[in-house]
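Here is my note for your first reading of this entry. Keep the model open beside you and check each point as you go.

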Amino acid sequence: MHHKKKNNTKIFKQFGAFIRKEFYHVFRDKRTLLVMFALPAVQILLFGFALTNELKNANIMVVNQASSIESKEITDKIEASPFFTIKMAEHNAENVETYIKQGKIKAVVIFPENFGRATGKDNTVQLITEGTDPNIAKTIINYINAIIGDYQLTELNKNGTKMPFTIDVEVAMLYNPELNGSMMFIPGVIAMVMMIVCTTLTAVSVVREKEFGSFEVLLVSPLRPILVLISKALPYFVLSFANLIIILLMSKYILGVPLKGSVFLLMAESMLFILTCLTFGLLFSSIAETQAVAMLLSMMGMLLPTILFTGFIFPLENMPTFYQWLANIVPAKWYFIVVKDIMLKGVGFASIWKETAILGGMTITLTALSLLKFKKRMQ
Amino acid sequence: MKHKELIVDGVNITDKYAIYAENLTKKFGDFTAVNNISFNVEKGEIFGFLGANGAGKTTAMRILSGLIKPTSGTAYVAGYDVYKEQEKIKNNIGYMSQKFSLYEDLTVVENIKFYGTIYGVKPKENKERTFTLLETLNLQNEANKLVGSLPLGWKQKLAFSVAIFHIPKIVFLDEPTSGVDPITRRQFWDLIYDASNKGITVFVTTHYMDEAEYCNRISLMVDGKIAAMGSPAELKNKYKANDVNEVFYHLAHSAKRIE
């Protein structure tokens with residue numbers, strides 16, 4: 001009993017010394033630091049702002065088939081806002097699609113013939129937007145909605161408590177009905193960045209020791225091989241997690257991505273995903289003999305499938321069945337769904353247990369594979 | 001905890017020998033890397049393990065240092081069975097390889113402390129030994145410098161001192177002086193003699209035949225087998241050679257396996 005306790009303290013001390021060493025490696029290597037912290041931040045900002053949802057002077061078209069006073073008032077309000085410029089005003093909708101295709105206008109507001117107080121209480125404004133840039137489309141919808149809502153409120157105040165009439169905004173989006181936007185983009189970038197950073201750094205850090213020959217020395221030491229692997233992976237787990245927190249804070253406070261669901265659930269799921277990535281890194285490190293190969297394997301091997309098959313840039317539903325099936329083995333796909341659902345939809349664990357189970361299964365399989373490869377090496 | 005003693009022909013192996021190997025064989029598929037080798041290394045001895053590249057030196061060394069298990073045969077290192085007691089072997093040996101000379105991005109002291117802790121040297125003792133070590137190697141001023149900034153010769157000497165920092169029973173040196181100038185090599189061997197005088201058994205592989213002369217005994221491996229073994233003087237006598245290099249040339253000439 002006493003012996004065992006003593007043994008545990010020794011392992012604990014070895015572990016501590018090892019982890020301190022790993023942190024020295026990381027913090028003394030500017031390249032690692034750059035890849036670890038600067039790269040993700042730059043990527044998030046680049047992707048985030050490249051897909052900015054800020055809107056100024058968007059060209060729109062108004063088709064006023066009603067010629068009522070209300071339609072005129074709303075048109076004026078739209079014109080007065082800094083967000084829109086009414087490039088065209090016509091009385092029929094004939095040329096709408098042509099103009100949109102030519103890129104002359106981003107959206108069309110249509111007042112149907114019977115629009116106005118005189119014709120009835122329920123009124124509909126039609127709004128057609130061009131959806132190839134879903135962020136802009138979404139923003140336009142929101143702003144037009146706000147302007148009309150504001151108009152109704154003014155009318156309400158003019159008439160006391162009685163609502164003179166209601167206006168519905170009927171939205172149709174051309175070319176991108178699913179509305180894939182930057183809000184969806186950010187979770188994808190998070191998944192991609194974590195995948196690449198965790199996998200690459202873990203793989204390279206192990207292979208570097210193999211290349212220098214220090215790995216052999218560690219294996220000859222009384223450190224248990226499994227402890228060597230855990231000690232190599234743990235610092236990167238901690239660093240990746242810190243990294244994730246930075247990315248999440250940036251997403252929320254700089255890019256304005258909402259976090260509707262539980263922060264703790266998101267953190268727990270992220271830890272699982274980081275673990276998956278680390279085991280990928282360990283597996284690659286058992287295959288690669290040089291740092292260059294490890295880098296290539298984890299950067300190229302992960303980057304391309306992640307970009308292609310996560311579904312945040314290219315919608316998976318539009319892909320051939322084979323690729324859809326292939327996408328299932330890309331861990332980032334599942335993590336992307338998890339992050340998206342937690343951040344944007346605010347769902348609980350009950351809705352994402354399947355994705356969680358898949359990620360967990362992948363992690364276990366990868367760990368088993370790495371250990372097997374590792375054992376083979378030790379034969 | 002005292003381990004089981006091994007008695008062969010009335011000789012207590014664990015008492016007499018640091019390394020005891022009999023009919024040791026390691027096969028990788030069809031390839032026999034180590035073919036039925038038998039040898040003993042006495043405690044405190046400096047044992048040179050020579051052979052061309054691909055002769056099986058590295059594999060034999062990996063078995064003896066508890067990294068891999070042999071296919072057949074018997075071997076005891078520091079009194080521990082290479083089949084069943086690899087962990088105990090690892091606790092009782094030191095190891096230094098040609099490629100490795102410590103972590104370049106860690107300071108001298110950080111490197112020493114790391115390996116000391118890995119090998120279970122207590123913090124207080126770690127401090128004291130570090131102080132002595134720095135003094136012996138005359139590295140006091142470099143204590144907090146990164147190892148990467150030291151000249152190669154210093155690194156090698158430091159690496160050796162670190163390999164025996166926990167005072168192992170045996171230290172395995174895998175071509176420790178490759179790439180080092182003759183003067184530093186001489187100094188390096190002074191350190192090896194010091195260790196041997198303190199009772200540490202030294203098991204060393206080398207390419208430099210002049211170094212082989214410094215060993216108490218040497219063995220020459222050819223094609224996975226031990227072709228010759230004895231003190232340098234004995235071998236020179238036997239093969240009527242002027243130096244070990246000639247002995248080596250004579251024996252290695254028959255080698256079929258060339259890397």
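**Notes on the predicted model**

1. Four strands of chain B build an open sheet in the order E4-E3-E6-E7, with antiparallel pairing. Its edge strands are E4 (31–42) and E7 (80–81) of chain B, each pairing on one side only. Strands (E, at least two residues) and helices (H or I, at least four residues) are DSSP runs, numbered from the N terminus. Two strands pair if DSSP finds at least two bridges between them.

2. A word on the source. This is a predicted model: local features need pLDDT of at least 70, side-chain atom pairs count only at pLDDT 80 or more, and totals for chains, interfaces and linings use all residues. Residues are numbered from 1 along each chain as its sequence is written, chains are lettered from A and ligands numbered from 1 in the order in which they are written, and side-chain values use heavy atoms, with hydrogens and water left out.

3. Strand E3 (residues 17–28) of chain B and strand E6 (residues 72–77) of chain B pair in the antiparallel sense over five bridges. Which residue in E6(B) is the bridge partner of Ile19(B)? That partner is Val77(B).

4. Chain B has another open sheet, of six strands. The order is E8-E9-E10-E5-E11-E12, and the pairing is mixed. Strand E8 (93–97) and strand E12 (225–230) of chain B are the edge strands. Neighbouring strands of this sheet are turned by 15° against each other on average, direction ignored. E11 (residues 217–222) of chain B pairs with E12(B) in the antiparallel sense, over five bridges. Ile218(B) stands opposite Gly230(B) in E12(B).

5. Now find helix H2 (residues 57–64) of chain B. H2(B) lies across E3, E4 and E6 of chain B, at about 120° to E3(B). H2(B) also lies across E5 (46–51), E8, E9 (170–174), E10 (201–205) and E11 of chain B, running at about 155° to E9(B). Axes are lines fitted to C-alpha atoms, for helices over the stretch in contact, and angles run from 0 to 180 degrees between N-to-C directions. Contact means heavy atoms within 4.5 Å.

6. Is H2(B) mostly covered or mostly open? Mostly covered: six of its eight residues are buried (under 20% relative accessible area, 1.4 Å probe, protein chains only). Among them are Ala60(B), Met61(B), Ile63(B) and Leu64(B). Just after H2(B), Gly66(B) takes a positive phi of about 80°.

7. H7 (residues 182–197) of chain B packs with H6 (residues 152–163) of chain B at about 10°, axes 10 Å apart. The two helices are therefore roughly parallel (angles under 35 degrees). Residues of H6(B) in the contact include Phe160(B), and those of H7(B) include Phe188(B) and Leu191(B). H7(B) also lies across E5, E8, E9 and E10 of chain B, running at about 130° to E5(B).

8. Chain A has 13 helices and five strands. Of its 379 residues, 50% count as buried. Helix H9 (residues 263–287) of chain A and helix H12 (residues 331–345) of chain A pack at about 170°, with axes 10 Å apart. That makes H9(A) roughly antiparallel to H12(A) (angles over 145 degrees). Phe273(A) and Phe280(A) of H9(A) are among the contact residues, as are Tyr335(A) and Ile342(A) of H12(A).

Notes
Angles under 35 degrees count as roughly parallel, over 145 as roughly antiparallel, 65 to 115 as roughly perpendicular and the rest as oblique.
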